[in-house]
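Here are my notes for your first look at this one. Keep the view open and go through the points in order.

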Amino acid sequence: MVDAQVASLAMECRDDLLEAAVVLDALALCHGHGSYPPRPYQETSTPVPTDVELRTDASDVAGELARHDRQYGTSTTGNVPAPLEDGCTDSDRDAVRAYARREWITRQERWPGI
């Protein structure tokens with residue numbers, strides 16, 4: 001019974017991460033392509049452009065989705081990229097965002113209307 005509850009909570013958490021990742025990714029894609037600030041990000045007095053902030057937030061949430069899927073084995077498409085770590089590259093960030101999109105598309109194809 002406890003295992004079933006834990007599995008259910010893990011899937012709810014994953015659903016929340018997936019939905020947040022794809023919404024942020026869609027918003028970021030609407031603002032164009034570009035680079036990311038280095039990780040860890042250092043706050044400065046200069047405001048970060050909206051497009052950079054959206055890309056960074058999208059990749060950070062997608063990175064947490066990848067971390068969750070690796071930990072709990074909840075990926076539906078497999079080939080989970082490495083979670084983001086300090087010093088990650090723009091390619092690493094792009095990879096986790098692409099992974100979140102792939103997971104979302106697969107979810108929509110398997111369970112339309114959810």
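1. Start with helix H2, residues 50–72 of this predicted model. The expected span here is 1.5 Å times one less than the number of residues. Helices are DSSP runs (H or I, at least four residues) and strands likewise (E, at least two), numbered from the N terminus. Just after H2, Gly73 has a positive phi of about 65 degrees.

2. A word on reading the model: residues are numbered from 1 along each chain as its sequence is written, and side-chain values use heavy atoms, with hydrogens and water left out. As this is a prediction, local features need pLDDT of at least 70 and side-chain atom pairs count only at pLDDT 80 or more, while totals for chains, interfaces and linings use all residues. pLDDT is the predictor's confidence in each residue, from 0 to 100. The chain averages 89, and 92% of the residues score at least 70. Confidence is lowest in H1, at a mean of 85, and highest in H3, at 95.

3. Now the overall layout. The chain has 3 helices and 0 strands, which run α-α-α from the N terminus on. Along its principal axes, the C-alpha trace spans about 50 × 30 × 25 Å. Contact means heavy atoms within 4.5 Å; of the contacts between residues at least 6 apart in sequence, 66% join residues at least 24 apart.

4. Buried means under 20% relative accessible area, exposed over 50%, and partly exposed in between (1.4 Å probe, protein chains only). The buried residues of H2 include Val52, Leu54, Arg55, Ala62, Leu65, His68 and Asp69. The accessible surface of the chain is about 6900 Å², with 56% of that belonging to carbon and sulfur atoms. These areas come from the Shrake-Rupley method with a 1.4 Å probe; for residues, only the protein chains shown count as cover.

5. Which residues have the most contacts inside the largest nonpolar core? They are Ala62, Leu65, Val96 and Ala100, in a core of 13 residues. H1 (2–30), H2 and H3 (90–110) are the elements that give two or more residues to this core, and H1 gives the most, with 4. A nonpolar core is a set of buried Ala, Val, Leu, Ile, Met, Phe, Trp, Tyr and Cys residues joined through side-chain atoms within 4.5 Å. Click on Ala100: leaving aside neighbours within four places in sequence, Ala100 is in contact with Leu18, Ala21, Val22, Ala62 and Leu65.

6. Next, the charged pairs. A search of the whole structure turns up 12 salt bridges, each being a side-chain nitrogen of Lys or Arg within 4 Å of a carboxyl oxygen of Asp or Glu. In one of them, Arg14 pairs with Glu103, with the closest N and O atoms 2.2 Å apart. Arg14 lies in H1 and Glu103 in H3, so the pair ties together parts 89 residues apart in sequence. Both Arg14 and Glu103 are buried.

7. Look also at Arg97 and Asp25, whose side chains meet in a salt bridge (2.5 Å, N to O). This pair links distant parts of the chain, with Arg97 in H3 and Asp25 in H1, 72 residues apart. Arg97 and Asp25 are both buried.

8. Arg67 and Glu64 also form a salt bridge (3.5 Å, N to O). Both lie in H2, 3 residues apart, about one turn of the helix. Arg67 counts as partly exposed because its relative accessibility is 29%, and so does Glu64, at 34%. Elsewhere, salt bridges that share partners join Arg39, Asp60, Asp86 and Arg93 into one network.

9. Two last residues to check. Thr106 sits in H3 and is buried, with a relative accessible area of 13%; leaving aside neighbours within four places in sequence, Thr106 is in contact with Thr76 and Thr77. Gly87, in the loop between H2 and H3, is exposed, with a relative accessible area of 57%. The C-alpha atoms of Gly87 and Pro40 are separated by 7.2 Å, though the two are 47 residues apart along the chain.
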